[in-house]
Amino acid sequence: MKSRHVLWNVLVVIVVCVTLVACAPPAAEPTAEPAVEPTEEPAEAPEGVIHYLTVQQEDEGWPLLLSQLTTECQAEHPGLSWEYEYVTQDDLSQHIQLLAGSDSLPELFNYESGAPLIDLVDSGQVVEVEELFTDLGIMDALNPAAVTLLKGLVNGIGLYALPMELNVEGFWYNKAIFDQYGLDVPTTWDEMLAAADTLNDAGVQPFAVSGMQAWPITRLINGYVVRYYGYDAMARLIAGELSATDEGFVEAAQVIQDMALADYFGPGVNTLDYGPAQDLFLQGEAAMFYMGSWALRDFNNPEVNLIGADNIGYFNIPVVEGGVGTMADYSINAGLTTSLGQTAYDENPEAVGAWLQCVMPKYGDQAMSELGLITGFAVSEVPDDVSALTQMTLAELAGAENGFPWFEAYFDSRTQDIATSNAQLLVTGDITPEDYMAELQAAIDAQ
Amino acid sequence: MASTFRDWKAILVFVGPALLLFTLVMLIPIVWSVGFTFFEGSPIGGFEFVGLDNYLRLIGDEDFHYSLLFTLRYAFTVTSGQILLGLILALFYVFYLRRGSSLVRTLVFFPVVVPTVAIAQLFVKLFEISPQYGLVNALLALLGGDSLVQPWTGQGDTGFWVIIIMDIWRAMGFYGVLLYAGLIEVPTEVIESARMDGASGLSLVRLIILPLLRPVLTSSLIFSLNGTLKVFDSILALTGGGPGNTTEPLTLYMYKTAFRYNEYGYGSTVVAMLATLSLLVTLVMYRFARRDVAQP
């Protein structure tokens with residue numbers, strides 16, 4: 001009996017202790033500074049942490065550049081610091097949704113421009129960049145063409161994203177393979193198919209396409225459609241002036257299906273991820289690769305690019321016979337953009353403002369000199385040592401008369417998913433071009 | 001025992017914390033999720049009461065129907081394979097390997113403790129076609145030429161069977177051990193006397209061992225069916241539900257609906273259907289088991 005009481009008392013003590021520990025306030029962080037307000041510091045010195053939620057790793061791309069620039073800024077603003085959080089691109093939308101639901105979006109975060117960003121804008125969670133940058137006197141840090149592009153993606157309601165990169169898309173080709181088989185750079189779609197046929201007969205895979213990602217397939221459909229109807233084809237589709245069941249759209253789907261079934265994309269296209277597809281091209285196993293100029297990061301890297309940067313050429317999407325689109329129309333986009341959280345900005349406008357004033361005017365130059373990355377920010381001087389591929393891309397961008405976005409830019413999430421997942425079935429012949437476009441149009445009607 | 005159940009303080013201390021935790025992390029989210037089925041919207045745009053609209057939408061949703069049928073087909077195929085192979089393994093351990101079975105049991109059990117994503121990557125590589133052939137395609141190319149080579153995970157029909165093979169292989173060691181534990185509890189005298197009566201091989205298994213194993217078999221079936229009805233990670237890592245939605249189970253459809261399309265209400269409705277399905281299957285299995293126990 002006595003032992004039972006002892007056991008009982010021990011149990012009660014354990015439960016009470018656990019409860020007290022669980023409910024106790026968190027231990028104070030050890031601080032290096034004494035808990036005394038610094039009275040000497042000027043009142044206007046901004047202090048704060050800039051958080052960046054991004055899909056890129058800390059040692060690459062935008063986070064790397066912003067981190068370098070923040071470090072430079074700390075000489076002028078020692079109270080500003082930088083915090084980075086990585087999220088995979090697949091989880092980004094869910095992550096942003098949850099943060100937005102609790103009104104806790106960070107100062108900077110990646111999000112897709114287009115229909116998803118409009119939802120955030122409507123709920124007042126994103127800073128209007130043009131107004132803020134104008135107030136801060138740094139609007140000239142942005143490239144006006146990039147500003148127009150980003151405004152167009154949110155139906156012109158304002159500028160709600162930063163163009164951390166500016167890309168032109170098109171076909172990159174292996175010059176040595178083209179020379180070996182006596183092929184000219186194609187200017188029409190038929191010429192491109194003829195070249196693909198020659199390569200295929202010779203046992204060379206004509207195109208490297210990541211069907212696992214699916215969007216590289218819809219990019220090809222988009223290219224054909226835009227050359228058929230002109231650069232504003234997708235805008236007219238979403239406005240109801242065109243239908244996805246119209247002849248040009250169905251023909252586009254048919255052509256891409258025929259290309260896949262003729263083995264132009266190689267075996268098992270739907271099993272090939274982005275990296276292996278790019279590797280096929282950069283290891284000389286495939287002759288052509290449709291991609292955006294963000295791939296220059298890898299093209300300029302000799303450890304990844306085994307065929308050599310000088311061996312890579314570029315041609316814009318070829319024209320389609322009878323189509324109204326021209327070679328002066330380019331697929332241009334700002335990649336995955338970065339937006340500013342309204343609540344985080346409102347909590348500390350001085351710090352965010354000071355950081356933006358310090359970092360943004362230097363971003364374009366830093367990206368160009370460090371990574372050879374073309375951005376939607378102004379570049380004061382192109383460095384002498386910038387790669388020939390980057391210079392060529394800059395020249396292509398400068399020559400663009402009209403820009404058009406990617407296939408799914410105006411679609412909501414469900415329609416995007418239908419466009420991409422059905423594209424996988426299209427290239428295996430499991431869905432007809434007519435059904436592909438009919439399902440797409442039904443989804444557009446429902447959005 | 002009766003005095004223990006009358007001791008409310010002891011019950012409170014021993015059961016209370018677990019019950020509180022269970023309520024917080026299971027019951028409240030379940031009730032919350034069921035509540036969502038009567039709303040539509042997202043955390044960004046806000047929620048709107050839609051009554052039974054989400055349930056009515058299920059009736060005409062072809063993608064939901066496809067995912068439901070896929071889930072059932074997958075669950076019954078994988079469960080059959082896991083239990084059948086688990087039983088064969090258990091018999092093999094007890095009647096063939098006997099005391100020397102521990103090494104084989106450990107090896108066959110090994111995939112159970114390996115992360116699912118790692119196993120999926122292993123199978124992706126095994127069945128790879130591009131940029132280079134995996135082991136399966138390399139062997140097929142060697143044996144019968146390139147005509148036998150297939151993009152196994154890139155086609156809906158073959159992708160389904162790769163998933164089936166992977167998930168059976170991954171879990172059969174677990175069911176082997178579970179049934180082995182039941183099998184070694186079967187009294188040796190019963191088996192010996194059955195043998196003396198002329199039972200051997202299949203007749204011994206069918207007439208003596210299976211009836212005695214039935215409680216463990218029923219538990220295994222419930223474990224397996226509930227696990228396979230809720231399959232998510234292995235398919236996500238192997239095929240991502242593709243190509244298209246050809247290998248998309250209900251869980252993946254729910255995930256896409258709620259978190260990619262931002263239709264939280266409809267996503268909750270899909271998962272409510274899945275929970276109901278799991279509950280029904282479990283009840284049927286229990287009913288089946290109880291009737292067997294009640295029989296003389």
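Phe174(B), by contrast, is partly exposed at 29%. The model is predicted, so that local features need pLDDT of at least 70 and side-chain atom pairs count only at pLDDT 80 or more, while totals for chains, interfaces and linings use all residues. Residues are numbered from 1 along each chain as its sequence is written, chains are lettered from A in the order in which they are written, and side-chain values use heavy atoms, with hydrogens and water left out.

Over all chains, 35 aromatic pairs are counted (rings of Phe, Tyr and Trp, the last by its six-membered ring, with centres within 6.5 Å; planes under 30 degrees apart are stacked, over 60 edge-to-face and the rest tilted). Among them, Phe407(A) and Phe411(A) are edge-to-face, at 5.8 Å centre to centre and 75 degrees between the planes; Phe407(A) is buried at 0% relative accessible area, as is Phe411(A) at 1%. The rings of Phe174(B) and Tyr175(B) are also edge-to-face, because their centres lie 5.0 Å apart and their planes stand at 85 degrees.

Ile235(B), in helix H11 (residues 233-238) of chain B (helices being DSSP runs, H or I, of at least four residues, numbered from the N terminus), is buried at 0% relative accessibility. Leaving aside residues up to four places away in sequence, Ile235(B) touches residues including Phe70(B), Ile163(B) and Leu252(B) (heavy atoms within 4.5 Å).

Conventions: Helices (H or I, at least four residues) and strands (E, at least two) are DSSP runs, numbered from the N terminus. Buried means under 20% relative accessible area, exposed over 50%, partly exposed in between (1.4 Å probe, protein chains only).
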